[in-house]
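Thanks for coming, everyone. Let me put the model on the screen, and then we'll walk through it.

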Number of protein chains: 2
Amino acid sequence: MDRIALFNDYLHRQGLKNTSQRMAILERFLRSKSHYSTEDLYLKLRKDHPKIGYATVHRTLKLLAECGIAVELNFGDGQTRYEPVKADQHHDHLICTSCGKIIEFSEPRIENLQEQVARQHDFIIHSHRHELYGQCAKCAAENR
Amino acid sequence: MDRIALFNDYLHRQGLKNTSQRMAILERFLRSKSHYSTEDLYLKLRKDHPKIGYATVHRTLKLLAECGIAVELNFGDGQTRYEPVKADQHHDHLICTSCGKIIEFSEPRIENLQEQVARQHDFIIHSHRHELYGQCAKCAAENR
DNA sequence: AGTTTTCTGAAAGTCATTTTCAATTTCACT
DNA sequence: AGTGAAATTGAAAATGACTTTCAGAAAACT
């Protein structure tokens with residue numbers, strides 16, 4: 001089942017409706033390579049769909065996060081970003097605080113240790129956030 | 001050098017001034033055990049210092065974060081929290097999404113792996129954020 | 001097709017955070 | 001100790017991301 005079908009399915013199960021706006025937003029979102037804020041995606045969408053409002057984009061992104069198609073990211077700059085969940089490929093982020101570049105990484109050994117930690121505290125993990133902030137090679141070289 | 005001296009030093013270096021408000025806020029903040037939002041700390045302070053305004057608390061917390069006495073925490077609920085940096089004892093957080101309980105943990109093996117990841121990407125880490133969200137034992141038992 | 005329910009977009013409302021501004025306080029230098 | 005430039009303060013207003021409201025429009029069940 002692809003993600004469009006998955007979304008339709010989710011809508012149906014929740015008694016929600018499939019609308020052209022939701023489909024347009026999902027479709028554009030899935031084509032994204034970067035980490036969109038509501039604002040970003042809203043602006044991108046305006047080119048092809050000038051009638052779609054900001055609130056609808058926002059509401060749809062929340063729906064996508066609810067049904068697992070998107071993850072919400074919070075890098076501490078006061079803006080929530082969304083990124084498509086890549087099937088069975090969880091990853092975390094390295095963020096360059098100079099140029100804003102975002103690098104994705106995944107490290108199963110870290111995931112394992114997380115699980116250990118959670119067990120030690122009788123905790124059941126539902127999700128996590130792991131972000132490394134610093135400087136990428138380019139910025140480190142420039143700001144020397 | 002204790003943290004009060006450290007703060008004074010920082011203020012001086014930045015051409016800022018040492019005021020009774022800043023000292024009161026720092027002093028109260030250092031006594032805190034939990035993770036205060038600006039609002040939390042402002043309310044606590046009102047007991048002894050009813051004249052200190054919200055904006056001053058907020059501005060001072062930002063200063064404390066700047067000079068490394070406090071760390072900003074963002075648990076994604078739209079409120080920034082601050083916690084005193086404990087000397088040579090970095091830790092991360094387990095957050096119960098049912099009751100809001102916050103458990104601290106530290107796991108040097110995770111820190112090591114982080115460094116490895118950063119090296120692989122030619123990245124220099126300045127700080128990081130690692131949070132595990134889920135249910136604590138108590139909430140898991142209750143919501144059964 | 002009709003009816004019920006949900007959606008939508010624009011505008012207004014929230015809420016944490018940030019800025020403004022006039023009055024006050026600090027501090028370097030007499 | 002006194003002076004004056006510069007920073008600080010608190011209250012209120014502004015900002016900005018996010019959320020809600022509401023009346024008209026669109027979807028989906030019968």
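Strands themselves are DSSP runs of E with at least two residues, helices are runs of H or I with at least four, and numbering goes from the N terminus.

Now the ground rules. This is a predicted model, where local features need pLDDT of at least 70, side-chain atom pairs count only at pLDDT 80 or more, and totals for chains, interfaces and linings use all residues. Residues are numbered from 1 along each chain as its sequence is written, chains are lettered from A and ligands numbered from 1 in the order in which they are written, and side-chain values use heavy atoms, with hydrogens and water left out.

Let's take the chain A sheet. It is open, has three strands in the order β1-β3-β2, and the pairing is antiparallel. At the edges are β1 and β2 of chain A, and each pairs on one side only.

How many bridges link β2(A) and β3(A)? Five, in the antiparallel sense. Within that pair, A:Asn74 sits opposite A:Thr80 of β3(A). A:Ala70 has A:Pro84 as its bridge partner in β3(A). The hairpin of β2(A) and β3(A) has five residues between the strands, and there A:Gly76 takes a positive phi near 80°.

On to the other pair. β1(A) and β3(A) are antiparallel too, over two bridges. A:Ser37 faces A:Arg81 in β3(A).

Is β3(A) enclosed or open? Four of its five residues are buried, so the strand is largely enclosed by the rest of the structure. Buried here means under 20% relative accessible area; exposed is over 50%, and partly exposed is in between, with a 1.4 Å probe and protein chains only.

Next, the helices on that sheet. α2(A) lies across β1, β2 and β3 of chain A, at about 80° to β3(A). α4(A) also packs on the sheet, touching β2 and β3 of chain A, and its direction makes about 110° with that of β2(A). For the angles, axes are lines fitted to C-alpha atoms, for helices over the stretch in contact, and values run from 0 to 180 degrees between N-to-C directions. Contact means heavy atoms within 4.5 Å.

Over to chain B. Its open sheet also has three strands, ordered β1-β3-β2, with antiparallel pairing. β1 and β2 of chain B stand at the edges with a single partner strand each, so one side of each has no neighbour in the sheet. Two bridges join β1(B) to β3(B), and B:Ser37 has B:Arg81 as its partner in β3(B).

In α2(B), the buried residues are B:Met23, B:Ala24, B:Ile25, B:Leu26, B:Arg28 and B:Phe29.

Now the DNA. "Near" means a residue has a heavy atom within 4 Å of the strand. A polar contact is a pair of N or O atoms within 3.5 Å; within protein, one must be able to donate a hydrogen and the other to accept it, and residues adjacent in sequence count only if both atoms are side-chain atoms.

DNA strand C first. It has 23 residues around it, and the closest are A:Lys17, A:Thr19, A:Thr56, A:Arg59 and B:His58. Of its atoms within 4 Å of the protein, 77% are sugar and phosphate. A phosphate oxygen lies 2.4 Å from a polar side-chain atom of A:Thr19. For the side chain of A:Arg22, an N or O atom is 2.9 Å from a phosphate oxygen. A:Lys51 uses a polar backbone atom, at 3.0 Å from a phosphate oxygen. Which helix gives the largest share of this surface? α4(B), with five residues.

Then DNA strand D. Here the nearest of 23 residues are A:His58, B:Thr19, B:Arg22, B:Thr56 and B:Arg59. A polar backbone atom of A:Thr80 is 2.8 Å from a phosphate oxygen.

Note on methods:
Pairing = 2+ DSSP bridges.
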